[in-house]
Amino acid sequence: MSTFNVPTRDQVSENNQAIFDNLNKALGFVPNLYATYAHSDTALENYLNFSNAKTSLSAKEKEVVNLAVSEVNNCIYCLSAHTAIGKMNGFTDAQILELRDGEASFNIKLDALARLAKNVTENRGRTDAEVLENFFNAGYTKGNLIDVISLVGDKTISNYIHSTTQIPVDFPVAQPLEGQLV
């Protein structure tokens, strides 16, 4: 199998170099996964535009989806990154583990969201009617549903890129859920 390097600033296109500079300013570093997108002259910019687009979901709700999807897709890179981001959004370690498992006993609305994100991902969009009804009963709208499905796609792209490239995780590595191997 081919191995993938994490490209440095001088190994990417001029457009990607500017994006690297912006990421460095905003985050203090360029995450390895973002750098890996830069193997393409266009994918990093396209992904960041999609990922940072307006949504009806709050930052906290986005992390619920990111954690549930990344767990289903078994992506240690995204689980690690979104564990860190989840903590920055106020989730505890125990809550993050629940969210990764597609649940949120600590919040009824987030529980419906986590269950939906897990179900959509596991069933490749063939969402169970009961899970969908629970989502709407929790107060979410059809617009929220479309935004969740878009976010599932967004996160799945990153999950697949890491699963294929196996680039190094540059966040504190997320621990496996009890009884699972990552």
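This is a predicted model: local features need pLDDT of at least 70, side-chain atom pairs count only at pLDDT 80 or more; totals for chains, interfaces and linings use all residues.
The largest nonpolar core of the model comprises 23 residues, and V65, L113 and V148 have the most contacts inside it. Two or more residues are given to this core by each of the elements α4 (59-72), α6 (93-100), α7 (108-122), α8 (129-137) and α9 (142-165). The largest share, six residues, is supplied by α7. When residues up to four places away in sequence are not counted, V65 touches L113, A117, V148, L151 and V152. In soluble globular proteins, nonpolar side chains tend to be buried together.

On the α4 side the contact involves V64, L67, A68 and E71, which meet I96, L99 and R100 of α6. Sorted by class, the residues of this contact are five nonpolar, no polar and two charged.

Within helix α6 lies L99. This residue has a relative accessible area of 0%, and because buried residues are those under 20%, L99 is classed as buried. Leaving aside residues up to four places away in sequence, L99 touches V64, L67, A68, F91, A104, F106 and A114. Along the chain, L99 and R115 are 16 residues apart, and their C-alpha atoms are separated by 8.7 Å.

A further helix contact joins α1 (residues 14-27) and α3 (residues 43-51), whose axes come within 9 Å and cross at roughly 45 degrees. The two helices are therefore likewise described as oblique to each other. Helix α1 contributes N15, N16, I19, F20 and L23 to the contact, whereas α3 contributes L44, E45 and L48. By class, five nonpolar, two polar and one charged residues take part in the contact of α1 with α3.

In the UniProt record, an unreviewed entry, residues 43-106 are listed as "domain: Carboxymuconolactone decarboxylase-like". In the model, this span is 69% helix and 0% strand, and its end C-alpha atoms lie 37 Å apart.

Terms used. Residues are numbered from 1 along each chain as its sequence is written. Side-chain values use heavy atoms; hydrogens and water are left out. A nonpolar core is a set of buried Ala, Val, Leu, Ile, Met, Phe, Trp, Tyr and Cys residues joined through side-chain atoms within 4.5 Å. Buried means under 20% relative accessible area, exposed over 50%, partly exposed in between (1.4 Å probe, protein chains only). Helices (H or I, at least four residues) and strands (E, at least two) are DSSP runs, numbered from the N terminus. Contact means heavy atoms within 4.5 Å. Axes are lines fitted to C-alpha atoms, for helices over the stretch in contact, and angles run from 0 to 180 degrees between N-to-C directions. Angles under 35 degrees count as roughly parallel, over 145 as roughly antiparallel, 65 to 115 as roughly perpendicular and the rest as oblique. Ala, Val, Leu, Ile, Met, Phe, Trp, Tyr, Cys and Pro count as nonpolar, Asp, Glu, Lys and Arg as charged, and the others, Gly among them, as polar. UniProt positions are given in the numbering used here, feature names are shortened, and annotations may be inferred rather than shown by experiment.
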